[in-house]
Amino acid sequence: MSATLNRPRRTGHERRRTLSAALGWAACALALVLVIGPLLDIVYVVAARGLSAFSIGLFTTVTNGTGGGLLNAITGTIILSLGALVVAVPVGVGAGIYLSEYGTNRLGSGIRFLSDVLTGTPSIVLGYFSYIVFVTWLGWDFSVLAGSITLAILIVPYLARITELALRQVPNNMREAGFALGAREPTVVFKIVLPMAAPGVITGILLALAISVGETAPLIYTAGWSNYQWNGHLTNSPIGYLTYVIWSFINEPSDSAHALAFAAALIVMLVVLAINIGVRLVVRRKKPG
Amino acid sequence: MVFRPFRTSLLVLALLIPAALGAVVLFLAIYAGDAFTFNGLRFIFGTVWDLGNLYGNPVTVRGVSVPLGAHYGVLVFIIGTLLSSFIAILIALPLSVGCAIFLAEQVPEKFRPVLAMLVELVAVVPSVVFGLWGVAVLVPFIAKDIGPALSATLGFLPFFAGGDTGSGYGLLAASMVLALMITPIIATTLLDALLQVPRENREAAFALGATHFEVVSKAMMPMVRTTLVGGVVLALGRALGETMAVLMVSGGAINILPHNIYSPVSTIASFIVSQLDSAEQDPTNMAIKSLAEIALVLFVITLAVNAGARLFTTGVANVRNAK
């Protein structure tokens, strides 16, 4: 406290200012803890309770009532997500190419706006649309096709946006060089622009994959649920998936059901976090170079 | 005009996006047609959702066939949606502002990317995993600690009063989970904007003798206000449509408006999911049609909010212009 001797005494006003600054910073730090804390707790709780349910049987047997394994749900999630990518990647990447290369007109901004609107549309609304159209009207019932197309509608706008942003990073000189060599538009796009933007496009596809793996609400209305392995039919046969196990089994009374819910949550969370962390690390490492 | 097959085929792919959006709206509207006729304005202002007698013979009302005694009112769910999202914003706003300020100003540059990534990762955790965590951790915590504590300290306020703070499932749990899910949206938007504030503005404030916190709160925050509003509206759009997490922790109220913060609620999105099984039992399909109508209502609400957010999304540019 010797410093105070050399300085004039602080006025009340000054003290209030330093005090409120200290309190402000403490509140900010607390806010950060309150946001990151729950994330760490989610990871910890799901990992701890999910890991204790892990066994070889979990990955080799199908669900039996509210017990058994998750084989049917794991394969179902893989099939639905890959199905969604098969539908969504050509459309999303194609739309992204159009928006980046030829979309600087009014038509392009219109498409961009409506794409944003589709991104903002709640997934349950899309799911209900698919239920009305694919499940009941077209008579596909709960099926892989209905589920995959719904997920595809959900992720196409993301793919288009990320592809567009990636392609815009490619310098115009490269395009001009291609045209100067006599290349036509498809050649310039597929041999020059797209390969240069490939990391960005692949990032987008991976993030879209993470979204479809974690999505639940639209699938309840389109994919249904099945205790058995997928029988290979695209329509008229429901399919299991991991996120269904999470929301539905946690409400069952038995411990085995809860264990399955946490195991499924752990698998989904690991996939989603691994993709997102991986993508961010790779993107960051590339930036300084 | 030259026909360019390559461009045209890409345009066709791009047009599939608006087409999908149009199809969603169109099919929901067509399918809900009968429901519009039958429900009228009672749909929006009614608080009773009753599927009627599903086993008796349907009756014809206003030209459409419905189960006897059917009544579809969705005010409860609209209020549940707006209220839970609004409380979520109230919780998320101070959290995200504090988060963004701390990350921008106090965290050494070496650690900022890691901590910022952790905050971003909160947003990518699937909704259903949040719901699971809510059921396993948050709901018991609210039932045992937060609920009674709120009731004891803020019980003099009408909305917090209540001797019985319930099972933990309810409005408070739904709002807290929603708040956690949307905080990263606001925080990352605000963090980007704060990092864009020009050096000169900060240094000018320092030169006037402001403390570091005053520089942030009095010189920098006013500059990023527009961005902040944009982020909040964007987050609101996400919260309104959130389904699984809310469904799992909200307690699922039907036909009853929430009377305090511990009451069970339903949002539009969670209600649609929870009603699938019972609506399928309706031989006249009127329940499913009314659900299509409520899905349209949700679409319109989120569309309005997202369009509002668009007005502010040029926020980062606003900071630069403010120079």
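Figure 1. Chain A as a whole has a mean pLDDT of 90, and 96% of its residues reach 70 or more. For the model, the scores are ipTM 0.89 and pTM 0.90. Where pLDDT is low, the predicted coordinates are not to be read in detail.

**Figure 2. Chain B at a glance.** Chain B is built from 14 helices and four strands. Its C-alpha trace spans about 80 × 75 × 30 Å along the principal axes. Of the 323 residues in chain B, 49% are buried. Taking contacts in chain B with a separation of 6 or more, 80% join residues 24 or more positions apart. The mean pLDDT of chain B is 87, with 95% of its residues at 70 or more.

**Figure 3. Where chain B meets chain A.** How many residues of chain B are in contact with chain A? The answer is 66 residues of chain B, which are in contact with 69 residues of chain A. Helix α1 of chain B supplies the largest share of the chain B side, 16 residues. By class, the chain B side that touches chain A has 51 nonpolar, 13 polar and two charged residues. The next two views look at helices of chain A that pack with α1(B).

**Figure 4. Helix α4 of chain A crossing helix α1 of chain B.** Here the axes of α4(A) (residues 71-102) and α1(B) (residues 5-31) come within 8 Å and cross at roughly 115°. The crossing of α4(A) with α1(B) is left-handed. On the α4(A) side, look for A:Pro90, A:Val91, A:Gly94, A:Ala95, A:Ile97, A:Tyr98, A:Leu99 and A:Tyr102. Their partners in α1(B) are B:Arg7, B:Leu10, B:Leu11, B:Leu13, B:Ala14, B:Leu16 and B:Ile17. The residues of this contact between α4(A) and α1(B) comprise 13 nonpolar, one polar and one charged.

**Figure 5. Helix α6 of chain A against helix α1 of chain B.** The axes of α6(A) (residues 123-137) and α1(B) are 10 Å apart, and the two helices pack at an angle of about 60°. This crossing of α6(A) and α1(B) is left-handed. From α6(A), the contact uses A:Val125, A:Leu126, A:Phe129, A:Ile132 and A:Val133, while α1(B) brings B:Val24, B:Phe27, B:Leu28 and B:Tyr31. The contact of α6(A) with α1(B) has nine nonpolar residues, with no polar and no charged ones.

**Figure 6. Helix α10 of chain B, checked for length and cover.** With 17 residues (225-241) at 1.5 Å a residue, α10(B) should span 24 Å; its end C-alpha atoms are 25 Å apart, which agrees. Helix α10(B) is also mostly covered, with 15 of its 17 residues buried.

Figure 7. A:Gly200 lies in helix α9 (residues 185-214) of chain A. Is A:Gly200 buried or exposed? A:Gly200 counts as buried because 21 other C-beta atoms lie within 10 Å. Beyond four places in sequence, A:Gly200 touches A:Ile162, A:Leu165, A:Ala166 and A:Gln169. A:Gly200 and A:Gly103 are 97 residues apart along the chain, and their C-alpha atoms are separated by 19 Å. A:Arg49, in helix α2 (residues 12-51) of chain A, is partly exposed, with 18 other C-beta atoms within 10 Å. From A:Arg49 to A:Gly103 is 54 residues in sequence and 49 Å in space, C-alpha to C-alpha.

**Figure 8. Two asparagines with positive phi.** Most residues other than glycine have a negative phi. A:Asn236 has a positive phi of about 60° although it is not a glycine. A:Asn236 sits in the loop between α10 (217-220) and α11 (242-249) of chain A, and is partly exposed, with 13 other C-beta atoms within 10 Å. In chain B, phi of B:Asn285 is also positive, near 65°. B:Asn285 belongs to the loop between α12 (268-280) and α13 (286-310) of chain B. B:Asn285 counts as partly exposed because it has 17 C-beta neighbours inside 10 Å.

Definitions and conventions
Residues numbered from 1 in each chain as written. Chains lettered and ligands numbered in written order. Predicted model: local features only at pLDDT ≥ 70, side-chain atom pairs only at ≥ 80, totals over all residues. Expected span 1.5 Å × (residues − 1). Buried ≥ 20, exposed ≤ 12 C-beta atoms within 10 Å, placed from the backbone. Contact = placed C-beta atoms within 7 Å. Axes fitted to C-alpha atoms, helices over the stretch in contact; angles between N-to-C directions. Left-handed = near helix turned anticlockwise from the far one by under 90°. Nonpolar A, V, L, I, M, F, W, Y, C, P; charged D, E, K, R; others polar. pLDDT = per-residue confidence, 0-100.
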